[in-house]
Amino acid sequence: MTSPNTASGRMQYAPLLGTLSVIPWTSDPSEGERNAPFLLAYSLGDGRGGPAAGEEAMRAVLQEIGLNPGGDLVDVAQTPQVPVKLLVEAGQAVLTMPYLTSQCPVPPEWEEDARRTRQVYFMVATRPWPDGTPGRPVTEERLRAFVGDVGMLAGAAHCLVPVSSLRG
């Protein structure tokens, strides 16, 4: 079980996006080989104009920063014009990109996986997820239902973000 965390956004789209949240998760250690951990950003769909306006605004934001919703996986380390940065330190993941900054606590195994793989699989859902309310725990089943939804996956932006730390 994990909890989503509120993100702050400063842009013309903010009233349409509404509440932005970020949630981390990683593979279960009992499932064998561990992969890069995951980070998901999404809107609750509570902005002005409702979920449809929020989805349209999220698509516009992603395209503006160089991520193509529904497009190929982007390796940010190989695509410096995509301004997405991730600092992982002391049980926290700090995600910074134009219009969005989020600091969220991460479990020790997530931080360990991020350091080992030196990257995080970051998805930005264009489809709002009103069930992922910040401050309320999200069960594994609810998270799997959202991130496993074919429509959500097809409309999201997907990228690998290199991990930085204060240690160098």
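## Basis and overall fold

The model described here is a predicted one.

The protein has five helices and nine strands. Read from the N terminus, these elements follow the order β-α-β-β-α-β-β-β-β-α-β-α-α-β. The radius of gyration of the protein is 15 Å, close to the 15 Å that the globule rule gives for 168 residues, so the protein is as compact as a globular protein of that length. Along the principal axes, the C-alpha atoms fill a box of roughly 40 × 35 × 25 Å.

## Packing, surface and charge

Of the 168 residues, 46% count as buried. Among the contacts in the protein with a separation of 6 or more, 68% come from residues 24 or more positions apart.

The protein exposes about 8100 Å², and carbon and sulfur atoms supply 53% of this area.

The structure holds five aromatic pairs. In one of them, the ring centres of W25 and F38 are 4.9 Å apart and the planes meet at 10°; the pair is therefore stacked, given that planes under 30 degrees apart count as stacked. W25 lies in strand β2 (residues 20-25) and F38 in strand β3 (residues 38-43), so this pair ties together parts that are 13 residues apart in sequence. W25 counts as buried because its relative accessibility is 17%, whereas F38, at 24%, counts as partly exposed.

F38 also pairs with Y121: their ring centres are 5.5 Å apart and their planes are at 50°, so this pair is tilted. Y121 belongs to strand β8 (residues 119-124) and F38 to strand β3, so the pair ties together parts that are 83 residues apart in sequence. Y121 has a relative accessibility of 22% and counts as partly exposed.

When neighbours within four places in sequence are left aside, P51 is in contact with G45 and P128. P51 and R127 are 76 residues apart in sequence, yet their C-alpha atoms are 7.8 Å apart in space.

## Two residues with positive phi

Most residues other than glycine have a negative phi. A90 has a positive value, with phi near 50°. This residue is found in the loop between β5 (85-89) and β6 (92-97). At 67% relative accessibility, A90 counts as exposed.

R118 likewise has a positive phi, near 65°, in a residue other than glycine. R118 lies in the loop between α3 (108-117) and β8, the strand that also holds Y121. With a relative accessible area of 65%, R118 is exposed.

How values were computed:
Residues numbered from 1 in each chain as written. Predicted model: local features only at pLDDT ≥ 70, side-chain atom pairs only at ≥ 80, totals over all residues. Heavy atoms only, no water. Helix = DSSP H or I, 4+ residues; strand = E, 2+ residues; numbered from the N terminus. Rg over C-alpha atoms; globule rule 2.2 N^0.38 Å. Buried < 20%, exposed > 50% of the residue type's maximum accessible area, 1.4 Å probe, protein only. Contact = heavy atoms within 4.5 Å. Areas by Shrake-Rupley, 256 points an atom, 1.4 Å probe, with all protein chains shown as cover. Phe/Tyr/Trp six-rings, centres within 6.5 Å; stacked < 30°, edge-to-face > 60°.
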